[in-house]
Amino acid sequence: NGTNKAHSLGIRNNSTYSVKATNFDQDHTLWFFIKDRGLYTWNNGQLKLAFSKIKGVTQLLNDENNQLWIGTENGLFIFDKGARSLKRAPFKLSNENIMSLKMDKSKVLWIATDGGGITTYDKRNNQTAYLTAGKEKGQLSSNSIGAILEDRESRKWIATLRGGVDLIDFKDTQFNTIKVDPFQSNTLVNNFVLSFCEDADY
């Protein structure tokens, strides 16, 4: 009839549970983490426990190689789906508390942290770089990052916790910050920003 209906996925006799992160892979399998229970998959109506020996998951990201990156409160990990094994990411992070993961169009992984700004990792040349807060031009307005969005023009929108929104435009080598401005009608209502969504009409 054209209506959308939501239903709950029953786990352990339909008990309540808290889902902390979700992501689809290239095989259209939904991966998600359930607090205190582990990493699960959902495909073709089947729910399966994939891995139980991990805690504090905050973000999941399947990359173009169908590799699952797992951000946690205690670091970044890579999950081998075939072997069902977990290993720590092979590079140094600016902070271990991961808030968001984003793979950009250039295949660079952006890792947002709570307290250490952003770590970027380029898998093609195994290079790591860091963006941190400061008063100099080109620095973040806060080291606590809630989310990162790459828009259609490849600009990076960075949601910060207390610093408003930072906008990076590599084409024009511009770095701008959008904050609450009591003298402007078209402004943020709060500098504490957690997420973004780009609509289809933008």
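## Valine 193

Valine 193 lies in the segment after strand S16 (174-178); strands (E, at least two residues) and helices (H or I, at least four) are DSSP runs numbered from the N terminus. The model is predicted: local features need pLDDT of at least 70, side-chain atom pairs count only at pLDDT 80 or more, and totals for chains, interfaces and linings use all residues. Residues are numbered from 1 along each chain as its sequence is written, and side-chain values use heavy atoms, with hydrogens and water left out.

With a relative accessible area of 12%, valine 193 is buried (buried means under 20%, exposed over 50%, partly exposed in between, with a 1.4 Å probe and protein chains only). Leaving aside residues up to four places away in sequence, valine 193 touches Gly146, Ala159, Thr160, Leu161, Gly164, Val165 and Leu188, where contact means heavy atoms within 4.5 Å. Glycine 164 is 29 residues from valine 193 in sequence, yet their C-alpha atoms are 6.3 Å apart in space.

## Overall architecture

The protein chain contains 0 helices and 16 strands. Along the principal axes, the C-alpha atoms fill a box of roughly 55 × 45 × 30 Å.

Buried residues account for 41% of the 202 residues. Of the contacts between residues at least 6 apart in sequence, 38% join residues at least 24 apart.

Strand S1 (residues 19-24) pairs with strand S2 (residues 30-34) in the antiparallel sense over 5 bridges; pairing requires at least two bridges found by DSSP. Asparagine 23 stands opposite tryptophan 31 in S2. The two strands, S1 and S2, form a hairpin with 5 residues between them, and histidine 28 in the turn has a positive phi of about 65 degrees.

Threonine 41 belongs to strand S3 (residues 38-43) and is buried, at a relative accessible area of 10%. Beyond residues up to four places away in sequence, threonine 41 touches Thr29, Leu30, Trp31, Phe32, Gln46, Leu47, Lys48 and Ala50.

## Positive phi in loops

Most residues other than glycine have a negative phi. Arginine 84, in the loop between strand S7 (75-80) and strand S8 (85-88), has a positive phi near 55 degrees. Arginine 84 is partly exposed, with a relative accessible area of 38%.

Serine 154 has a positive phi near 70 degrees and occupies the loop between S13 and strand S14 (156-160). Its relative accessible area of 26% makes serine 154 partly exposed.

## Pockets

The largest pocket has a volume of about 230 Å³. On a 1 Å grid over the protein atoms alone, a pocket is an open set of points where a 1.4 Å probe fits, with protein on both sides within 12 Å along at least five of seven lines; lining residues have an atom within 4 Å of a point. Grid points are joined across faces, edges and corners, and a volume is the space filled by probe spheres set on the points. Of the 13 lining residues of the largest pocket, Ser100, Leu101, Lys102, Ala147 and Ile148 lie nearest its centre. Strand S9 (98-103) and strand S13 (145-150) each supply at least two lining residues, and S13 gives the largest share, 5 residues.

The second largest pocket, of about 160 Å³, has a lining that divides into 3 nonpolar, 2 polar and 5 charged residues. Ala, Val, Leu, Ile, Met, Phe, Trp, Tyr, Cys and Pro count as nonpolar, Asp, Glu, Lys and Arg as charged, and the others, Gly among them, as polar.
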